[in-house]
Amino acid sequence: MASLQEEETPPDKDSTPGTAEAVAELKQVCQEKWEVVKTNHQLITKNCDPKAVDDHCPLLAILQEKEKRVKGEIETVKNSKPNVLPENPNILQEVLRKDLTKSISQLQEVLTLVKSQKKELTQQISREEEIQRQLQAVHNCLEIKLEGIANNDGEEVTMSSVISELDIKIRKGETMNRSLTKKLVHFVNEHFPLPSVEEVKAGKKKLRSSDKKISMENLVPFKVVLQELMNKCIDEPHDPYVIITNRFWPPYIELLLRCQIVLRHPEDDQRIKLVPFHL
């Protein structure tokens, strides 16, 4: 009831015509009702004498009186028809309009949230379907392999046959390795030979001061550089870096770096490693 005595709030900009007058009328009615309530409360307080309470069971007596009061309030509510405020149809229309506007705004927020969740779920379903397709492909491959094993005419796989098959594969691998190594050496010797004395002298003018100590006598073939890098990468994967010395022709090292065949150490630019393409 105390809120009825607060200052009037300015009407909304989108209120319908006549709403301000209806609100003022409603406040006047509420003020009158409040005056009636205060008058009745004063009369009840004035004419109600305190009732003595039994000293033996004071709490029971208080609860009995509260029960009588509650029953009286319930009976009053049953026998009376409360007046619903406001009675002005303009105010009812305005209240209904505001409630509908608020509900629409809340539903729009919920709709935005639902659309966002739907998009996320759709993406998740697409990922799950892709995983399912991959797993199905693996399953099909395994089934084909199992069928091949089952249709192997009942041939028993012995340890000697397994070892023999592995030996054949090892020999094939060694043969292929020798062939590829031979081709690589031929390619490197043909396209990346050692520089001539004139090329070394001309190249020193373009090199950094730290690289100008290079001499023709110290340079090693490019195939040796590649061999050291590959051996380090395979034999010492925990420390695959090779230190750049005056044995390496700098233009060839720069070529490997530009082509991203080798990488520099993150903390020491004088150390390089071969990119592990086999992993």
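H6 and H7 cross in a right-handed way, meaning that the near helix is turned clockwise from the far one by less than a right angle. This is a predicted model, where local features need pLDDT of at least 70, side-chain atom pairs count only at pLDDT 80 or more, and totals for chains, interfaces and linings use all residues. Residues are numbered from 1 along each chain as its sequence is written, and side-chain values use heavy atoms, with hydrogens and water left out.

The helices are DSSP runs (H or I, at least four residues), numbered from the N terminus. The axes of H6 and H7, lines fitted to C-alpha atoms over the stretch in contact, come within 11 Å and cross at roughly 45 degrees.

| H6 | 222-235 | Phe-222, Val-225, Leu-226, Leu-229 |
| H7 | 250-258 | Tyr-252, Ile-253, Leu-256 |

The contact has seven nonpolar residues, no polar and no charged (Ala, Val, Leu, Ile, Met, Phe, Trp, Tyr, Cys and Pro count as nonpolar, Asp, Glu, Lys and Arg as charged, the others, Gly among them, as polar).

Phe-222 is buried, at 5% relative accessible area (buried means under 20%, with a 1.4 Å probe and protein chains only).

Methods
Helix = DSSP H or I, 4+ residues; strand = E, 2+ residues; numbered from the N terminus. Buried < 20%, exposed > 50% of the residue type's maximum accessible area, 1.4 Å probe, protein only. Axes fitted to C-alpha atoms, helices over the stretch in contact; angles between N-to-C directions. Contact = heavy atoms within 4.5 Å.
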